[in-house]
Amino acid sequence: MAYKKSNRLSQAALIKQIMKRCSSMKKRQGYDEEGFPVDVPKGHFVVYVGENRTRYIVPISFLNHPEFQNLLQQAAEEFGFDYDMGLTIPCDEVAFESLTSMLR
């Protein structure tokens, strides 16, 4: 039986790319001088979920959970890291809310 090597990014590399992308967003209305949204508390970041791209503010600590890392990996595979509006998670809102309620 042959073993197929995965092209998946390591979790650490994935998280590093996401954080770099989030921190490099250009200054726009509603963003501070460092490019961070003014309505997002320190220690949190924004993701968009579902067909309607509902905005969620989640704690950075979620990045340590394997279940959330799986969602990030799916996002990287489906959308890559070239996005304008922010990090999009490819799952429905009910599933996302269920997962995040377990992680809190």
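Visitor: Why is Gln69 counted as buried?

Guide: Gln69 has a relative accessibility of 14%, and buried means under 20% relative accessible area, with exposed over 50% and partly exposed in between (1.4 Å probe, protein chains only), so Gln69 counts as buried. This is a predicted model, in which local features need pLDDT of at least 70 and side-chain atom pairs count only at pLDDT 80 or more, while totals for chains, interfaces and linings use all residues. Residues are numbered from 1 along each chain as its sequence is written, and side-chain values use heavy atoms, with hydrogens and water left out.

Visitor: What does Gln69 touch, not counting residues up to four places away in sequence?

Guide: Gln69, which lies in helix α2, touches Gln11, Leu14, Ile15, Leu63 and Asn64 under that exclusion, where contact means heavy atoms within 4.5 Å. A polar atom of the Gln69 side chain also lies 2.6 Å from the backbone oxygen of Leu63.

Visitor: How are helix α2 and helix α3 placed relative to each other, and which residues meet?

Guide: The axes of α2 (residues 66–79) and α3 (residues 93–103) come within 10 Å and cross at roughly 145 degrees, the axes being lines fitted to C-alpha atoms over the stretch in contact, with angles running from 0 to 180 degrees between N-to-C directions. Glu67, Phe68 and Leu71 in α2 meet Phe96, Leu99 and Leu103 in α3; the residues of this contact divide into five nonpolar, no polar and one charged.

Visitor: Which residues of the largest nonpolar core touch the most other members?

Guide: Among its 20 residues, these are Val47, Val58, Phe68, Ile89 and Phe96, and α2 gives the most to this core, with five residues.

Key:
Helices (H or I, at least four residues) and strands (E, at least two) are DSSP runs, numbered from the N terminus. Ala, Val, Leu, Ile, Met, Phe, Trp, Tyr, Cys and Pro count as nonpolar, Asp, Glu, Lys and Arg as charged, and the others, Gly among them, as polar. A polar contact is a pair of N or O atoms within 3.5 Å; within protein, one must be able to donate a hydrogen and the other to accept it, and residues adjacent in sequence count only if both atoms are side-chain atoms. A nonpolar core is a set of buried Ala, Val, Leu, Ile, Met, Phe, Trp, Tyr and Cys residues joined through side-chain atoms within 4.5 Å.
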